[in-house]
Structure formats: structure tokens, C-alpha cells
Amino acid sequence: MASIPTTAIEIAAAVRSGELSAREVLESHLDAIEAREPEINAFNLVLADEARAAATAIDERVAAGEDPGVLAGVPLALKDNLCTHGIPTTCSSRILEGWRPPYDATVVQRVAAAGAIAIGKTNLDEFAMGSSTENSAFGPTRNPRDLSRVPGGSSGGSAAAVAAGFAPISLGSDTGGSIRQPAALCGVVGVKPTYGMVSRYGLVAFASSLDQIGPFSTTVADSALLLEAIAGHDPRDSTSINAAAPSLLDVLDQGVAGLRIGLVTELMGEGIAPDVAARVRQAAEALAAAGAEIGEVSIPALSYGLSAYYLIAPAEASSNLARYDGVRYGMRVDAATTAEMNTKTRTAGFGDEVKRRIMLGTYALSAGYYDAYYGKALKVRTLIMRDFETAYKDFDLLLTPTSPTTAFRFGEKTSDPLSMYLNDICTIPTNLAGHPAMSVPFGAGSDGMPVGVQLMAPALAEPTMFRAAAVLEDAAPPLEEAFQ
Amino acid sequence: MTLNLTHEPIEGEHFTITSENTGDVWEIVVGLEVHCELATVTKLFCGCPNMFGDEPNTNVCPVCLGLPGSLPVLNHQVVELAMRLGRALHCSVEPSVFARKNYFYPDMPKDYQVSQFDRPINVDGWLDLPDGTRVGIERAHIEEDTGKNTHAGGSGRIHGADYSLVDYNRAGVPLVEIVGRPHIRHPEQAKMYIDELRAILLATGASDAKMEEGSLRVDANVSVRRVGDPELGKRCEIKNLNSLRSLGRAIDYEARRQVDLLEEGIAIRQETRHWDEGAGRTRPGRSKEEAEDYRYFQEPDLVPLEPSAEWIAAIDAALPVLPAQRRAILAEAAGVGATESGVVMAVQRGLDGLALAAIDQGGEGRRVLTHVEHNLAVDGAGSLDPKHLAELVGLELAGQLTATQAKTVLAEMVSSGSSPAAIATELGFEAMDSSELEAMIDAIIAESPDEWSSFRDADEKRHAKLQGFFVGKVMKVSKGQADGKAVTAILESRRNASS
């Protein structure tokens, strides 16, 4: 038996050519899961039987001379807030207990159509609210590189699954950094595409105007491959951009010569760990060495990003999560009246962080407070977009840390929600602007844990962003190399 | 929806309540909010059929059930019909956005309703009533309907029910809410407004507008004020108005209730009240523990709606001629006022086309309208040849048919389709020759000398009665063939000659 390659591109090539069977690829990944999943807890549900059936079907198609697609036989993990037909979709919340969606999310359909094998549903902070996966109702996911540390969040399970070799690629969702931050903390690639590039149909909403689905992978090229497969217009999502998926794989080797790349002043100073900031500077040097022009840029409105985000996201969440009322699906705690049943169900079904954000959001939208909170946050959002627009007049891309620190330890930030929220300070602005951004592993911090650097780009500039990411990937110091 | 309370006082007749206790004269002020279901093939945000009366929970999908992860996609036909209605109500079509109205209710799958709040699609129009009143339209916006709760067991009402069932077939059905300004001044006018609005909804194809099936629902904001008072009173919103009759009765009841309270020095509390048709009164809604706060914000799952100028122009070009315009056209052709009942009825019955054609064929306007108003049932009149109607009116005016005969002939025209002349001949309705009529009258005078002398000497008061005696006799003898006008003319000439 040939050895199983680690990247999606290699696996798909081997399966399409008949060199490897999808089934043997799958079994090797199921073995990896069996070996380490108990200590990592990346999955809410491993779909071994379904995956075996799907892999067998792929092998049959290859045997029949068909081409199952660009992701043929590639095991793929799905964040458990993506709807899967007939398969429990929990959002790591008790309130969705027992619910099986009667439909597949658009991205789930698209990866299946490309031949990928859904291997499991991954753990997350409940309803994607958190930065450590500690808010999951089913227990935290552990960082495969150090089990005493968090994998980041909210897509911690999807990041950990890729880092642990459970699947070469996975899908997450990113509302304020929920793909990029765990990618950074687990040492993998994570991409938040332009808002509207990937259909949200079937993604259980947290904050609709910010949510975007994106890939995790061990290589930049695998993320390019997966993003190409899931991007493109979907008539079922009104906010979907009416354009075809971008070509990313084709441009990966184009380099960064002549690209103007800005280091964002506001995200390089206070609040950013010195080792992380040093890695970002080192990344800038690598880009300069490859021919990019590096400059510094100030984006003043970024300082207000976190405050605006923690009004806008909870406001939308308070409305999006109203439907979990015990009437139609999921958990119900019976009571004498409907209103009482609603209250008891929601009290029992939601965890503390979700309740905190529902209350924050309800407050921010309330009569008498709307203008001071939600209304003002929308204005800040406009300011941030304007400041980005100004910055992108002088720069093609921006470079920042993905997260202020490397992976922290369990319990370190759970008692202080604000310190947890500060984790998203580098990632939130692009969600507010609707722009793409990605985290690329770039060596280790002083604790030996991975550091991620973030590339940000204007709307639809994914091709440029991926070119720079490929350069950073080539230049990245090995994780094992101690931080100097 | 809050009403805009600034308004211009309207001209015209005021329906008032005069207090028996104080003698004060009060005026009723009404603004109506109408929800109507649009007659689309599918629902507002998904492809489920928009059908009334199907088996519960058969026309549902992840979107209209608000399942986690589902997203709305705006139905193009909804926008088309909403704009058509808006333009028919003389509104301007504005760039609009959808908003979420947040509140918990089991018949609402997402626990928010997608509606339009601060930027509705149609704003600032009007509707002209048949009585000439112009009622302002503040806005007509798009929103989604809710499902329907059924409370089973116990009392059958929400309190004390054993359990409740929800049918989501109606959830996500497109509605337009038409918010009228408080320009209505009496219950009959409110009914007239709904009738007129319904005619517009039907004419534009926007809705089937059936109050009994709930595809047209009316809430009435009612307040009272002393006549001459420029300020509007505190209003109550009356719900559960399931028929035009309920609407009229509820407004009348509510206005009197408010006058009674105010005269006792009790302030009106702004509240929602429910009409109880059986008891003939309004009752306060269940008092809410907390103030309603819908926490509106822009719906992030939908994009702003900006119909192009071309689209709006195409809508305008395709609008049918609307009732008010039809009344104006008919009134002008008939040479009468647009508020005359003949004009209003002709348009209401859809017979204005017939009337116009008959007038065009030379039929005298007023007589044509008289026939349309009084002698034509709606059914069957459609096949009536307008040329024949014009001819009938001509025969009448020439004195060849009496009004009574004309009515009979018309009925026969409707059923047989023959010409009035042929029918008159067939029925023996030959006009009497004037010498024949004079001879008949002279014979009758000779038969009744006492009555004749009384008539001859009668004062103003008795004259009409005695004239009636002779006309009646002539009609009896002539078997209705005599023309009433000719008979009185002959009687008067004989009377003048003999006095």
C-alpha cells in the first residue's frame, strides 16, 4: 500500500488517478482519529459509517472511469454549525439536542459534489461565540500541539482536526476571527473569504452580517483548492456575490514582487506579545526579500473595532437565536404557559456566554439605547471601512498578527470575558469591513507554540492575498526552531 | 405601525355625535391599517405555494419554518405587486430596506417578523373615496405573515386550552400593510374606504382581498374630539374586525365609549382593543406586563431594494384604469357629478364600460345610469348590447315607452339579447297615439264627474292626490301603455280649459 499523502491536493490526485483508493485514505484518517481524538475532542460526531459509504462510492466512480472531482476522496471535517441532511447539527449547544436538519448547507453540497468525504462534525464554542472552544456544551477541544492549551475558537475543532491529521482540510466559520485565530493557535492555514464569496445557506447564523465560511488546511495550496470549490454565487443566499469562484491555485506561484504590503501600526504595539510582533516583522522581511515593498500604515478607526463588534455581533445574535424557543425543534422544557416554556427552555439550553451575548445584544437594540449603542456601532463600522479604503489606496495587502498571543492555557481567560474578547482584536476589523483575510503559520513563539501572521486584503482580492501567503509559507521558520 | 398624526382638516360633511348630557358635539376621527395578502404564486422568501385552506403544515420548507441556517430570498413578484398597489394608491416608490421586528410568539417561526420599518417601499399617497373625500396613505410596506395558532381543548381560547397547535402554511405569505392617515370621519366612510381599497386591490391583481378568508384584515385607530378642536384625541386601536359590518359597528361603539369617558372627565388610555361581535362592544386587549419594544434593525440577510426607474415606469404603464378614474370618466360622459350614486354604482358593479358605450351610442347619460343603477342586476348585464341600451333610452325619451315598460323591456333584452323595439312590439308596448290617449282621458273624465270637479277646484295640497287618481285610472285602462308625462300634460290642459 502506498503511503497516504498529507495534503488534499496530493490525495485527490492519487484517488483520481486510481493510485490510492478513497477508502484506504479514509481508513488511515479514521485510525488517526481513533488514536488521538479521545485526548483532543475535536469532533462532536465522527461520521465513520457515512464516510465509508461515501468513500466506497467515490472508488466505484473512479473504477467506472468517472472523475469524482477536485476533492476526490479527501477527508474533510465540518464545523458543527454547518447543516448536514439527517445528521445532528448541534452548534455545540444543548438547545439543539436531537435536531437533524432536513437539508444540507450549500458548502456541504459543494464539497460533496467535488468528491470530498465528510468525516465528522467538529466542536466549537457554543453558536460560535468564543475564542477557545471552552464555551462548548460538550467540553473543550484541546490543542494537538499542547494538550494543556486551547486550540482557539470558535472553530477550535476544525483547526485541531487539521493540526492533528484527522483530516487534511476542514471548514469553519469566521464572525470575528473564528477561523483565523484557531488556525494561528494550532499552526495551520485558515481563511476568511470576502463577505458574500461563500454562501451562508445552511450555516447556523451567529451574526449574519459578519459570518463567513472558510477553509482550514496544512498548506496554502489546499486552502486555495477548498476555497475554489466552495466559493461562487448561490441564489439561496441574497448576500452572495454574483460572481464565479476566483482562480487561486493558478496564481499561487506568482510571487509578491512589486506588491505594496503595509504593517498596521495599531496592531503591532500595545497588547501584542513581543514574540508574536517579532514574528510578524520577520514575515514582513521575508516578503520584502521576495520583492514586496513594505511600509507602515496607521488605521486609526481599528481601535474602535472591538467595541463596535461587541455591539453589532450580539445585537444580530440576539435576534438570530430567538428561534430557539422550544416550539419547533431541539430542546423543550415544558411549563404551564408558552412564555414560561420559552424561558425555561432557553435558560436550560443556552450556556453562559450565549446568554451574555443575547443580553448584550437585546440591550444594544432596545428603545432608548439603540442610538447610543447599536446605532453608534454602525457608524464606527462605516468609519473602519473608510479607513481601510484609505489604507488600500497605498497598499495592496496589510500584514498583522492573527492573534495577540500564542495558544493560552485552559481557564486562563474564562473568568474575564473582556480579556477573552481582546483575543479578536486583530481579526475583527476585516469582518466589520467584509474583507478577506487569512492566517499563515510563521514559526513558533517563545513558548514553542505556533504563531500565525495575518494577511488582510480588499474585497475580492483573494488572489493577491494567496500569492503573499504562498511566499510566507515558503519562508516560514520551522515550528521546531526556537524563537530567538 | 404608528400613524403620522399631522393632517390637514378635510372638507365635507361631518358625522358627529351630540352628547345627550352636555350637548357638546363630537367628531369621530378614524385611520385604518389594512393588511392584505398578496396574490403571488409563492411565498415572500421561499418557493412554497401561497395557498389558503391546504392541510396544515404542508406548504412549508426550511426557509418559511425559519430552520437554523436557512436564509430568505426575496420573491420578485411580491415587489411587482406591492409596487403596483403603491402606484395605484398614488404613492411614490422609494428605495427600501427590510427590518426585523423582534418579539416572541409561537406562530412566528423565527421569533422575528421581517417587515419594513423606517424605509418602506411605498410612501405618501392617497385614495379618493366615492363621496369625494381624499384619504391620505402614509405608507404601504411589505412584510411576512405569521402562522396560525389553534388552541385545543378547554375553552378553545389561549387561556385554559389543553394544548395548542400551530399551522405554518401561512408563515411567510407576503403581506402589504397599508397605513391610512386619520382622514376618515364616520363609520360608513370607513366601510367605503375598505370597499374602495378592495376594488383597487382586485383591479391591480395585488390581492384577492377576502375579509372572510383573512386575506384582507383591518385594524381601526379611533379617536374623538370636540368639533373645531384642531388637536387629535388619544386613539385606541381596534382589532378583530372580520367584516365591514363589524368595522362600522366597532367604530360607532368605540367613538361613543370614548365620548362617554371624556365627558366624565376620564382620559382615554391609548391601547389595543378587541371587537366582540356577539356582545357588540370593544374590550381591552390583555394588558402587557412590559412595554412593547420590537428592537427593529435592518435585516442583514437581505439586501436593500432599489427598483429601477424603468421598472416603476413599466408598472405605471401597465396599471389598469382605477375606480376613481373610472367614476370621473363616466361622470363626464354622462354629464353628472362623480359622486352621484348612479356613477358610483355603475363602477362598483363593473357596468361603467356598458354605460359609457351606451352613452357613446347616443343614449342619454342620466337615463342610462338610472337603468344601470336600478334595473340591471350584476349577473347577465354583461352580454347586454350597449347599442340596444342606447336605443331603449331613446324610445323612452321619445315617449314611446314608459319608465315601467322600459324596465320590463330591459329585463327581456338581458335574457334574450333582442333589440328593445322588437321586444316592445312583441309585448304590445306600442306607444299610444296622442289622439287615442286624449279620447281615453276624456272618457274617464266623463265617467267621474265628481272627482273631476274636485280636481278642477283643488287647492295646491289636494291637487297632486287627485291628479294621481286620474293618472292611475288612465294607466289601468291603457294597461300601462300610456306615458305618464303625456297623461298629466293632457289632464292639466283639460283642467285649465274647463276652469
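Ser92(A) sits in the loop between strand S2 (75-79) and helix H4 (106-113) of chain A; helices (H or I, at least four residues) and strands (E, at least two) are DSSP runs, numbered from the N terminus. This is a predicted model, where local features need pLDDT of at least 70, side-chain atom pairs count only at pLDDT 80 or more, and totals for chains, interfaces and linings use all residues. Residues are numbered from 1 along each chain as its sequence is written, while chains are lettered from A and ligands numbered from 1 in the order in which they are written.

Back to the backbone. Most residues other than glycine have a negative phi, and most peptide bonds are trans. Ser92(A), though, has a positive phi, near 50°. Ser92(A) counts as buried because it has 32 C-beta neighbours inside 10 Å (buried means 20 or more other C-beta atoms within 10 Å of a residue's own, exposed 12 or fewer, partly exposed in between, with C-beta atoms placed from the backbone). Leu460(A) is not a glycine either, yet its phi is positive at about 70°. With 16 other C-beta atoms within 10 Å, Leu460(A) is partly exposed. As for peptide bonds, the one joining Gly153(A) and Ser154(A) is cis, with omega about 10°.

Over in chain B, helix H12 (residues 434-447) has 14 residues and reaches 20 Å from its first C-alpha to its last, close to the 20 Å expected at 1.5 Å a residue (that is, 1.5 Å times one less than the number of residues). Its buried residues are Leu437(B), Ile441(B) and Ile445(B). The face turned away from that buried side carries exposed residues, including Ser435(B) and Asp442(B).
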